[in-house]
Amino acid sequence: METTREWTLPHAAHLLNRVGFGGTPKEIHALHGMGREKALGFLMDAEDKLGSFPPPAWSAAEGRREMLAQTRGGTEKRAAMANMDEAAREKMRKEIRREAVKEQRNQIDGLRTWWLTRMCQTEAPLREKMTFFWHDHFACSVQKVRLSWLMFDQNELFRRHALGNFKSLTKAIAKDPAMMIFLDTIGSRSTKPNENFARELMELFTLGEGHYSEADIKQAALAFTGFQLDKASGKVSQNRGQTNIMEKTLLGETGKFDADGIVEVIFRQPRCAVFLTEKLWDYFAAVPAPAGLIDKLAEILRAGDYEVAPVLREMFGCAEFNAAEVVRTRIKSPVEYLVQMLRQLEVAAPPERYLETALKEMGQVPFLPPNVAGWDWGRGWINTNTLLARYSVAGVISTGGESGRNSERKMRAGKVAGPDFAKIAPPELRESPAKLVAELCFRFFQSEVPTKEREAFEAYAKVKLGASFTDGELAELVHLMMSTPHYQLS
Amino acid sequence: MSDFLKTRREFLRTTMLGASAAWSVPSFVGRTFAGLDEANRDLAVQGVTGKDGRILVVLQLAGGNDGLNTLVPYADDGYHRLRPRLAQKAGSVKKLNDYCGLNAAMPYFGELFDGGDLAVVQGVGYPNPNRSHFVSTSVWESADPSARSTTGWLGRYFDNACSGSDPLGGISLTKTQPESFGAERNPGICMTTPELYRWLHGGGDRAEAQEFFAGLNRPGGAAETAAAGDKAGIQSNLAFLERVALDAQVSSRRILEIASKHKSKVAYDGTPLARSLNLVGRMIAGGLPTRVYYVSHGGFDTHNGQAGNHERLLATLDAALKSFFGDLKDQGNYERVSVMTFSEFGRRAGENASGGTDHGKGSCLFVAGGGVKSGLYGKAPSLEDLDAGDLTFTTDFRSVYSTVLEDWLQTKSEPVLGAAYPKLGLIS
């Protein structure tokens, strides 16, 4: 594993794209100006100022008990129901359920907007990128968890531990309320242990299939019993009577392991470090790892007792990560696609009312992963429908809602702030189609664009160039540039 | 005219020629359409030309259809005991034998049965059933009871049996791709309305923008890159993207064209299901080479107040199918099409306190069409021998798939399902 020595503008762009969510030409130049070493340090160590992103109001601890009561109708409605006949009561129940579902949906929509806005604006993009990594790794869906504030707490847990210690995070996630609901730890008793969490802990979170036995799962499951959850406060406690405190044998070790003890046993397996390292490499590099590289990186993870930051620093700096076959070959996930686009166009935040539709059509809705194994990355993002969806999202964003379906346009009327084209392409740049296209190509592709594409963009620009470019015409050029296979890669 | 536009027109022309010959564009680098045609001849299954070839319509009843109130065991005392409020009266059901019959909301299904075109499969399910809508849907769509497969059973069928890689082998009329379409190479396409399945351009000079768009979304970049001996990684992901982009562009044009040309003479209801089937009818009439269509009918999660609601859902299904089959008969395509329903699970045998039913296990399903042999298949699940309040399944769902794959679509089922499952003999 050698550190890379080359440091060109495309290298700086590559680092910004992968470690973060990309950026503007100005940001790429600034990063390049730092030199390779400093640039990497800058991205690794960046932190947002405390309080930069005030969380949604409903996530505050104080209001939760009241909100929980509301999902059951609240005192008023419940009192009223006591005097109703069965039919009226049923009607009321339905209404309460409808309202609860609606409220929960609004909250999660709000949380999603909050998170994507944070991705667009954060000065510590790696922290958000790793927060997403953990959301995919320990994938929980609000569909089963239902309580938005527990999803918020989990998101904050991932953010706190984003660049921290994998083992500590695993211990914490085992007692995270959303996870406990999602994988049925709540309600698991020593007399009838539920194996759901223990199984995924080994299969999906730490070791991978083939590195544990069914007996190991059964033994581990005994330790994750007797937990109780207060849904309002999110406080987890353990009922001694329901907990298994007997001796357990798994992965070659015997002892009276509790939940943390099981995690310790698993993390003593060398396989655990390899498993996470492979996943990190896939997430950031997205090409098959050269022989021997994973083992070397995994050794760093193990030597540091599962501290994640050192292994990331080594990975981002190594020659293999900056090799030609890695640069601009990764298919952007829908969230990255959208956030990169907004950052490149210097739009501060995603359009709130359109966000869920856009993400759904492209196939990745945060807080709604398809299952506990997370999303299917890479080529899994792309089919004819999602590709056309990506193109139409590019149209909506670049034109500020002018392009797109009629209903969506109406829905977003006045809600989508389009890019500031005066800033992106000042008047003097608009005089020469070749120069304009070259500038925009750097902004959107950060590298040499194949002749065929560049000529097509220029030809289109020439056709459009009447007396001068209007903002609308520029938006359409941008839309066209983004409606290409190339733009799906970063 | 710029060189760019000229190339673009030339490309279009060769594509059109290719389309009339085989309509398949599996690999664009260094292969001619004549060569492709040659290659197709070696495949076990020939591509359909659109005028012949059998078609399967998969109809999802989303939410978990209550099998016991669809195919009603009216003569079973246990049924009336378990469902004091929801049980269908023996006098109202359309009797199929002296034990069970169809819910009265499905008169057309009754006619189909009498006419010899409706197979009813009883007690369909899978081992260790899961009660989550999501997981159980995955099981059905992937044909993998562990729900971990990244491909779907229809996708594997497209990969294995459909010649070339025509993107139009499978069309799903859903917003997102159903998991069953997941494929290694050829996942088919999905869309809701043909008018929206296209590149939407907001500015003026639409036609011109379309030309540029089409030019940018045809293969070429990857081939050029390969020729330059450049980055292997780019080539593969980029080549993949270019391939999907071409599929999207080409299928979008074809579908738009057909949808605008063909209107059905039969009146359909305004329900989403009827509208979907209407569109399927138009695409069949237009001669698309599609082998599998996928439509969805939702709302079957009847936890409370099931009486009336469930009948409305069944009536919607009944009416939509009646129009669809009428349409196909009118076109002369009835004999080419079979419809198979499925639902992620059935519901509990007993009704709950809210006048509904909760998530259960085994259920019934239907296969209907001109090529089907009427009858009751599989064994009716016992209402005495319940598994913790649930019906035990008697027919593995993969048996239905293997029957449809082998006897209807005439392809080997093992490569698709991973094993051989006994067939049900419901295709005539």
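Here is a short tour of a predicted model, stop by stop, for you to follow in your viewer.

**Stop 1: where the chains meet**

Start by showing chains A and B together. How many residues does each chain put into the contact? Chain A brings 44 residues and chain B brings 47. Now look at the chain A side and select helix H20 (384–399), helix H24 (451–464) and helix H25 (471–482): these are the elements of chain A that give two or more residues to the side touching chain B. If you color the side of chain A that touches chain B by class, you get 16 nonpolar, 16 polar and 12 charged residues.

**Stop 2: two helices in chain A**

Stay in chain A and select helix H6 (residues 86–121) plus helix H9 (residues 148–160). Their axes come within 9 Å and cross at roughly 20 degrees. Angles under 35 degrees count as roughly parallel, so that is what we call H6(A) and H9(A).

Next, show some side chains. On H6(A), pick A:Gln104, A:Gln107, A:Ile108, A:Leu111 and A:Trp115; they meet A:Ser148, A:Met151, A:Phe152 and A:Asn155 of H9(A). What classes are the residues of this contact? Five are nonpolar, four are polar and none are charged.

**Stop 3: a sheet in chain B**

Hop over to chain B and find the open sheet: three strands, paired antiparallel, in the order S2-S4-S3. Strand S2 (71–72) and strand S3 (94–95) of chain B are the edges, each pairing on one side only. Zoom in on S2(B) and strand S4 (residues 101–102) of chain B, which are antiparallel and joined by two bridges.

How values were computed:
Residues are numbered from 1 along each chain as its sequence is written. Chains are lettered from A and ligands numbered from 1 in the order in which they are written. This is a predicted model: local features need pLDDT of at least 70, side-chain atom pairs count only at pLDDT 80 or more; totals for chains, interfaces and linings use all residues. Two residues are in contact if their C-beta atoms, placed from the backbone, lie within 7 Å. Helices (H or I, at least four residues) and strands (E, at least two) are DSSP runs, numbered from the N terminus. Ala, Val, Leu, Ile, Met, Phe, Trp, Tyr, Cys and Pro count as nonpolar, Asp, Glu, Lys and Arg as charged, and the others, Gly among them, as polar. Two strands pair if DSSP finds at least two bridges between them. Axes are lines fitted to C-alpha atoms, for helices over the stretch in contact, and angles run from 0 to 180 degrees between N-to-C directions. Angles under 35 degrees count as roughly parallel, over 145 as roughly antiparallel, 65 to 115 as roughly perpendicular and the rest as oblique.
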